[in-house]
Amino acid sequence: MPSASDTRTADTGAAAAHAGRRDPRGVVPTIVKAVALVLLAAAIVAFPSVAANPFILSVGVVIMSYAVLATGWNFMGGFTGYMSLGHAAYAGLGGYSTALLIVKAELNPWVALALGALITAVIAVPVGIASLRVRGASFVIVSIAFVLILLLVFQSWGGFTGGSNGLRIPRPFGPEVLRPEQHERFFYIHAALLAVALLLWWLIDRSRFGIGLKAIREDEDKAQALGVPTFQYKLVAFVLSAFFTALGGGVYALWFGFLDPVFQFSILIGSYMVLMSLLGGIRSLFGPALGALIVGYAVEFFKSEYGDTQFHLVATGLLLGIVVLFMPDGIIPGVTGLLRRFRPQASSIREVTQAELAEQRAGGAHTGTDSSGGDSTGGATRAPDPQVTEGVHP
Amino acid sequence: MSLLLQSLVLGVLLGGLYALLAAGLTLYFGVMRVVMIAHSAFLILAAYLAWFWTTETGIDPMVSLLWTVPLFFVTGVLIQRLLISRLRPATLTMMSVLLTFAVALVIEGTLGFVFTGTQRRVQLPYGGADISIGGVNIAVVKLIAFGLAAASLLALYLLLTRTKFGQALRATIQHPEAARLVGINTERTAGYGFGLGLATAAIGGTALSLDSTIYPSLHWHWIGPLMAIIVVGGLGSIPGAAIAAMVLGVGQSLLQIPLGTTWAQTFFYIALFATLMIRPQGFFGGRLAQRF
C-alpha cells in the first residue's frame, strides 16, 4: 500500500528537485514494512501459545472475527465510500446459511461454510442492485432496513430458522478436541481468512478496478463522466464485501456454536464494523483490523468489567461520535500524517479528497501558481487542523 | 366488513403519527441534508420523559409537552450548532448518518442505564376507554394521539406557509445560497429547522406514551418504517412524507388482517425496495433526492 503514490510525480521540475530525497523513502520503508509485516504475522501465530488462559484466547478469537468482518466491510465502505450500517445482515446470513446447511442438509461444515457464503453473495446481488441505485443517506437507510427485515424474518419463521429460541450448530471438530484446542484452531482459521481478505484488498487497491472504485468515492459523477462503469463496479465491490463478511459470520457461527437472530441481525454489530473501520482508517489496508483490535478489546473489557449492562451502548455511541467528529480519517492516516511532518516533503500528486482539493484551491489563491500540494505555504497555513493532512493515501 | 373498517380507521390513526414524525425527518433533511437516525431515539426519550412525569407527579402526560417541546427544540438547535455543522461539507451526508446513529446509541444506552430495560406503560384513568362509532371501536388514547399529531402537523404547515420564519425556512431548504443573497441568516434558520424537527419527536413521543408499552430499544422498530416513509415519499418533500405515511400506515394496518402483526411490518420494507426499483428518487421528491 505504500508505494503506489510514491512513484507518481507532479511536475518534472519539482520531481527533479526532490528526486534525491525520494529515493531512500522508496527503499527503506519497504524493508521496514516487510519486517513489520513478518513481526505482525509472527505475533499472530504466537498468540495462542502465549495467551494466559482459554478466556484470553477466546477474546482473541472474537477480536479476530471482528477484524475479518471489518475488513470485509471495508471492501465496500473503504473503496467506494458507501458506508453500510447494516453489514451485520451478511454476517448473519453467512452464519445462518452455514448452520442451516449443516443442520438441515447435513453437509460437511467446511463445504457448508463455503456454500453459505456463496448463497449470501447471491442474495446480496439483488439487494445491491436495489440499494446502489441511490447514494449516501438513502443507501444507509436501505442497509439498515435490510437488517431489520432479516431480523423480523428470522425471528418469525421459527419452523425453519429456530426463531427466537436460536439455532444450535454441531461442532465441526470431534469430541476429542477440547475447548482451548478449539479456540486455538478457530483463531488460526480466522487469521487465515483475514490474511486472504487483506491480500485481496491490497490487490484491488493497486488495480485499475480499485482506482475506479476510489474515483467513485471521491466524485461519482466525474468518475462516470470519465467512463468508469460505476454501477457494475459498485455492485462487484458490494457482493465481494458481502461474501467476505458472510465467510466471517460463518466461521464465527461454527466457533460459537449457537445463533440467535437478535445478536446475528443486530444493528450494533453493523455499527461496530463501521466504527472499527473508521477508527483505524478506511483508506488503509490494516485500518479496519487495527480498529477491530481496539474496539474489540474495549468491548470485551467493558463486558467483563461492567457486565452486560446498557453502558456499552453509551460507550460505543460516544466513541463513534468522537471518531466521526474529530478523526473521520482514522488512526493510521493520522499517525502517518504526523510522521510525514518530520520527513522531507514530497511533491508528488497524491490522492486528495474533494474537500482537501477545495481547501487547497482556497489556500492556493495567495501562494500564486505553486500547485505542489504539501510544502507550499498554502499547505502550512491550513495546517493547524491536523485532520487536513490525513486524507493522503498511505 | 367491520373488521376491515376497524383496521382502516386504526391505520389512519397510526398514519397520522407517522406523518408527524416523517415531517420532522424531512425537515432535518431539507435544511441540512442530514438523515437523522436519532429521530426515533428522541421519540422514545420523549415517551420516557412523559411516562416519568406522570409516574412522579400523577399529572397527565400531555402536560409534559409544556416542557419537553421547548427542551427538545433547544436540543435540536444545539445538535445542529455543535455537532452537525462541524462536519466537513464534502462528506456531510454520510458522516451525519453515523453521527446521529451514535447519538441514538447513546440515548438508548442511557435510557437502559437509568430506567432499566423493563417495559413501561403510563397508567391513565381513561386508558381503557373507547368510543364506538358505526360498529368501529376506537380507543380514546389513540384518538387523542391522532388529534395531537394532526394538530401539530397543521401548526407546522401554517408555520411554514404563513409566517416570515416559515418563508425563510423554505427558502433555506430550496436554495441556501439564494436565501443568503436575499438576506436570510441560513445558519440560524437551519438551526431552528432542526429544533422544529426535534420538537415533532417530543410531541410524537408523548402521543406514543399514551397508548403503547415503551422500552429502550423500541426506537429501532420506529426508525425502519420512518426511513421507508421518507424514501418512498421522496427525501425532502413534507407533503410527500405525509402522504406516504398515511398510505403505508393504512396499508400496514390492513395487511395485519391476513398476515398478522409481525409480517405486516415487512410491508414498509417491501414498499421501500419497490420504490428503489421503480422510482429511486421517491414519489414526490425531485431528482435531487437520489443523490442523498
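Q: Axes here are lines fitted to C-alpha atoms, for helices over the stretch in contact, and angles run from 0 to 180 degrees between N-to-C directions. At what angle do α8 and α11 of chain A pack?

A: Helix α8 (residues 179–206) and helix α11 (residues 230–256) of chain A pack at about 175°, and their axes are 10 Å apart. That makes α8(A) roughly antiparallel to α11(A) (angles over 145 degrees count as such). This is a predicted model, where local features need pLDDT of at least 70 and side-chain atom pairs pLDDT 80 or more, while totals for chains, interfaces and linings use all residues. Residues are numbered from 1 along each chain as its sequence is written, with chains lettered from A and ligands numbered from 1 in the order written.

Q: Which residues make that contact?

A: From α8(A) come A:Phe186, A:Ile189, A:His190, A:Leu193 and A:Ala197. Facing them, α11(A) brings A:Phe244, A:Leu247, A:Gly248, A:Val251 and A:Trp255. By class that is 8 nonpolar, 2 polar and no charged residues. Contact requires C-beta atoms, placed from the backbone, within 7 Å.

Q: Nice. And at what angle do α14 and α15 of chain A cross?

A: Roughly 150°, with the axes of α14 (residues 287–306) and α15 (residues 311–326) of chain A coming within 10 Å. These two are therefore roughly antiparallel to each other as well. Their contact uses A:Val299, A:Phe302, A:Lys303 and A:Tyr306 of α14(A), together with A:Phe311, A:His312 and A:Ala315 of α15(A). The classes there are 5 nonpolar, 1 polar and 1 charged.

Q: Switching to the interface: how many residues does each chain put in?

A: Chain B contributes 42 residues and chain A 39. On the chain B side, α4 (92–115), α9 (219–233), α11 (261–264) and α12 (266–278) each supply at least two residues. The most comes from α4(B), with 16 residues.

Q: How far does its C-alpha trace span?

A: About 55 × 45 × 35 Å along the principal axes of chain B. Of its 292 residues, 55% count as buried (20 or more other C-beta atoms within 10 Å of a residue's own, all placed from the backbone).

Q: What share of chain B contacts join residues at least 24 apart?

A: It's 78%, among contacts between residues at least 6 apart in sequence.

Methods: Helices (H or I, at least four residues) and strands (E, at least two) are DSSP runs, numbered from the N terminus. Angles under 35 degrees count as roughly parallel, over 145 as roughly antiparallel, 65 to 115 as roughly perpendicular and the rest as oblique. Two residues are in contact if their C-beta atoms, placed from the backbone, lie within 7 Å. Ala, Val, Leu, Ile, Met, Phe, Trp, Tyr, Cys and Pro count as nonpolar, Asp, Glu, Lys and Arg as charged, and the others, Gly among them, as polar. A residue is buried if 20 or more other C-beta atoms lie within 10 Å of its own, exposed if 12 or fewer, and partly exposed in between; C-beta atoms are placed from the backbone.
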